[in-house]
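Here is a friendly walk through one structure, from its backbone to its open spaces. Have the model open beside you as you read.

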Amino acid sequence: MGEKILEVNQLKKYFTVGGGQVLLAVNDVSFSINKGETFGLVGESGCGKSTIGRTILGLYDKTDGEVLYDGNNIHSLTTKEKFQMYRRMQMIFQDPYASLNPRSTIKEVISEPMEVHGVYKNKQEKLDRVYQLLEEVGLNRDHANRYPHEFSGGQRQRIGIARALALNPDFIIADEPISALDVSVQAQVVNLLKDLQMDKGLTFLFIAHDLSMVKLISDRIGVMYLGNLVELTNSEELYDNPLHPYTKALLSAIPIPDPDIEETRERIILKGELPSPIHPPSGCVFRTRCPMAMEVCALKKPTWQEIEQDHYVACHLYDETIVNTEQARGLATKLK
Ligand code: SF4
């Protein structure tokens, strides 16, 4: 186990919405990320994964719990301390076009964080740094004076990555950085991120809504459902030995590039929509869509437990005391 750079402990983030109702976007989530690691956070849209990213950066206040970055409690920092911390923590956004000012040249877009933080007073040094960053992300210095609309989606995401690297951060939250891109371009951007990680020793929190590309980049993966972390392990173990019924359903949705296997592949189709995080189901939040649900699942929230070394899951199916007792056998009927 490497040295931890980020610790998220029992984090809760609730929002008050219309009529004073409370939306439980993130509900008691804990995980840590090691230096130089890529941690994938996966789940359907609306599961709270992007809210976690923004709360880690301190863009949202937490409701409860704590976020420690290199030992610093993010939500206890002063505005000035947080500003300094942002030199080390950066974000790459899902929609590269929306995150780039259409009226700014690429040179201005990439140098903006340097301006804000007062790095490189010398104009030429700043320009040289922009050129260097463009080259690092697979573009070239001729692109510096162009505008965002002159680039393809993949190129715009490269520009977003260059901007995120401008201050030499050591931790990057990539919030669905490939979701808006064509499949062929997705792999190129993932490979670029991997190369940059190797070169610079970066740590990534890689947020995505499906498991297919996440495997290529992540060392460990956490699976989220309705504000809760339901499974966490290293990426190979997750693909070879998924435990949670939701993880199994997500994995079964990944197409296999072999037509024979693909034809016979068994897909687990989840019924129904993601429930509202304003009124989450009692007990296990996945129970209304879980093909394995038992009556006990409506009564009791499953505990987060380590089933095998470094493989964690929250599901009553792995709680021996529940499954093996007379009571559980009596309750082990499928919910309608
Ligand atoms: Fe399904 Fe019950 Fe496990 Fe939840 S606790 S995932 S409802 S079997």
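## Backbone, ligand and pocket

Gln10 lies in strand E1, residues 4-16. Strands (E, at least two residues) and helices (H or I, at least four) are DSSP runs, numbered from the N terminus. Please keep in mind that this is a predicted model, in which local features need pLDDT of at least 70 and side-chain atom pairs count only at pLDDT 80 or more, while totals for chains, interfaces and linings use all residues. Residues are numbered from 1 along each chain as its sequence is written, and side-chain values use heavy atoms, with hydrogens and water left out.

Most residues other than glycine have a negative phi. Gln10 has a positive phi near 45°, and Asn168, also not a glycine, has a positive phi of about 60°. Asn168 sits in the loop between H5 and strand E7 (171-175).

How exposed or buried are these residues? The table lists their values, where buried means under 20% relative accessible area, exposed over 50%, and partly exposed in between (1.4 Å probe, protein chains only).

| Residue | Relative accessible area | Class |
|---|---|---|
| Gln10 | 52% | exposed |
| Asn168 | 54% | exposed |
| Lys126 | 14% | buried |

Lys126 belongs to helix H4, residues 123-136. Apart from neighbours within four places in sequence, Lys126 is in contact (heavy atoms within 4.5 Å) with Ser111, Met114, Glu115 and Tyr120.

Now to the ligand. The residues around the ligand (a heavy atom within 4 Å) include His244, Cys284, Arg287, Cys290, Cys297, Cys315 and His316. By class, this shell has nine nonpolar, two polar and one charged residues. Here Ala, Val, Leu, Ile, Met, Phe, Trp, Tyr, Cys and Pro count as nonpolar, Asp, Glu, Lys and Arg as charged, and the others, Gly among them, as polar.

What lines the largest pocket? Its lining has 15 residues, with Gln90, Met91, Phe93, Pro113 and Arg163 lying nearest its centre. On a 1 Å grid over the protein atoms alone, a pocket is an open set of points with protein on both sides within 12 Å along at least five of seven lines, and lining residues have an atom within 4 Å of a point. Strand E6 (89-92), helix H3 (106-116) and helix H5 (153-165) each supply at least two residues of this lining. By class, the lining has 10 nonpolar, three polar and two charged residues.

Definitions and conventions. On a 1 Å grid over the protein atoms alone, a cavity is a set of points where a 1.4 Å probe fits but cannot get out, and a pocket is an open set with protein on both sides within 12 Å along at least five of seven lines; lining residues have an atom within 4 Å of a point.
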